[in-house]
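This report goes through one protein model with its ligand. It takes strand pairing, the ligand site and the aromatic rings in turn.

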Amino acid sequence: MNKSLAFETKAVRGTRCGEDATGSISFPIYLSTTFKHIGLNESTGYDYSRLQNPTREELENTLATLENGKEGMAFSTGVAAVTAVLHLFKPKNHIILSDDLYGGTYRLFQNIYNEYGLEVTFVDTTNVNNIEKNLRENTKGVFIETPSNPMMKVADIKAISKLCREKRIISIVDNTFLTPYFQKPLDLGAHVVVHSGTKYLGGHNDALAGFVVSSDEEIINRIRLIQKSTGACLSPFDSWLILRGIKTLHIRLKSAQNNAMKIAKWLKNQKGIEKVYYIGLEEHEGYNITKKQCSGFGSMISIKTESVELAHKILSKVKIISFAESLGGVESLITYPFTQTHSEIPEAIKKSLGVDERLLRLSVGIEEVNDLIEDLNEAINGL
Ligand SMILES: *Cc1c(COP(=O)(O)O)cnc(C)c1O
């Protein structure tokens, strides 16, 4: 497909819209697990669906073009994608990670792969010097989440990628919160992008998925091998759901972002709210880097309430906004990172990051914003 097409056009049309033998506009769901050989040592390009499936391939190619990467690889969940990336490393390799991370990523590195001999250090990646200071002889990877979950800390992707390239270290960016619509880590120099496709890419809270995207041939070949060997590939039906979600990615994100900006500004003026963490607010510590490296702010907001009681009251009183884990869907959700998404992280670490009993995380959806504000108003200021 024409590389110069706009993001929106690529998102809607994918790479082969209407181009199969039937002219199908909605890309077909190929449920077949296996494909007939034309002859000995001949293949249609598809042999067995764990290796490749046409529906999954269309999704992988679509995501690759959106991230400006060479190849995309789809996995059954976001953590399966992160696991695949982890397999790029060997025992005794050292990896530096953002200290504020999705709890499941923390658990995977700290509780599972630690036992396989991977060394990990968690640092505040808002300052590239913290990475440089912690480099070791055996440092092979840097894994950042930006903006981070749930404290919305912003890391300078370009500066970190540059350092990694100088030191021959693989730089990995979890791009779940902003998606390629607002942030393209590969363009900024990163080697690898990972996603939880469960979130904004799917966008409807109805399918789990994960992605790895890269332009580095060596990394691509290795991840492909890992994908087919470990087997956590995305099913054809779920591939189709994510493909359909991506068609409206830009529309959803614009709408959700508009809502989030209005809600963040409104929250700032509420007496019971001590602090609002939204990268679109000018006073946010990462605002300037965000303006430099992103084309938008997304719709994730965290808030610090003045009391634990108020945090609990909000969770119990919201009616339109659902008290549920996850994010990035058309439905607005509110969650309590301390005991939910980040329950696996030791309490002392959580508290030092600011993930405490007064922190709430809001994923703003695309409902009418005044309904959302009224819901929050009742929850915060109502009896
Ligand atoms: C949800 C999430 C993941 C994990 O993805 P799953 O699809 O739930 O496995 C990884 N990173 C971030 C930033 C997430 O929000």
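Two strands are taken to pair if DSSP finds at least two bridges between them. The model is predicted.

**Strand 6 and its partners**

Strand 5 (residues 170-174) pairs with strand 6 in the parallel sense, and three bridges connect them. Within this pairing, Val 173 is found opposite Val 193 of strand 6. Strand 6 is also joined to strand 7 (residues 210-214), here by five bridges and in the antiparallel sense. Phe 211 in strand 7 is the bridge partner of His 195.

Strand 6 itself covers residues 192-196 and is mostly covered, with five of its five residues buried. Val 192, Val 194 and Ser 196 point one way from the strand, while Val 193 and His 195 point the other way. The residues on both sides are all buried.

**The ligand site**

Ser 196, in strand 6, is also among the closest residues to the ligand. The ligand is surrounded by 13 residues, and the closest are Gly 78, Asp 174, Ser 196, Thr 198 and Lys 199. By type, the shell divides into four nonpolar, six polar and three charged residues.

| Residue | Protein atom | Ligand atom | Distance |
|---|---|---|---|
| Gly 78 | polar backbone atom | oxygen | 2.9 Å |
| Asp 174 | polar side-chain atom | nitrogen | 2.7 Å |
| Ser 196 | N or O atom in the side chain | oxygen | 2.8 Å |

On its own the ligand has 370 Å² of accessible area, and the protein covers 93% of that.

**Aromatic rings**

A pair of aromatic rings is described by the distance of the centres and the angle of the planes. The count of aromatic pairs in the model is ten. One of them is formed by Phe 27 and Tyr 30, whose ring centres are 6.3 Å apart with 50 degrees between the planes, a tilted arrangement. Phe 27 is buried at a relative accessible area of 7%, whereas Tyr 30 is partly exposed at 29%.

Another pair, Phe 237 and Trp 240, is stacked, with 6.3 Å centre to centre and 25 degrees between the planes. Why are Phe 237 and Trp 240 separated by about one helical turn? The reason is that they are three residues apart in helix 9 (residues 236-247). Phe 237 has a relative accessibility of 42% and counts as partly exposed. Trp 240 counts as buried because its relative accessibility is 17%, and the cut-off for buried is under 20%.

Phe 7, Tyr 181 and Phe 182 form one aromatic cluster.

Another element of the model is an open sheet of five strands in the order 8-9-12-11-10, with mixed pairing. Which strands stand at the edges of this sheet? They are strand 8 (273-277) and strand 10 (322-323). Each has a single partner strand, so one side of each is left without a neighbour in the sheet.

Strand 8 pairs with strand 9 (residues 300-305) over four bridges in the antiparallel sense. In this pairing, Ile 273 stands opposite Thr 305 of strand 9.

Notes
Residues numbered from 1 in each chain as written. Predicted model: local features only at pLDDT ≥ 70, side-chain atom pairs only at ≥ 80, totals over all residues. Heavy atoms only, no water. Near = heavy atom within 4 Å. Polar contact = N/O pair within 3.5 Å; in protein donor to acceptor, adjacent residues only side chain to side chain. Areas by Shrake-Rupley, 256 points an atom, 1.4 Å probe, with all protein chains shown as cover. Nonpolar A, V, L, I, M, F, W, Y, C, P; charged D, E, K, R; others polar. Buried < 20%, exposed > 50% of the residue type's maximum accessible area, 1.4 Å probe, protein only. Helix = DSSP H or I, 4+ residues; strand = E, 2+ residues; numbered from the N terminus. Phe/Tyr/Trp six-rings, centres within 6.5 Å; stacked < 30°, edge-to-face > 60°.
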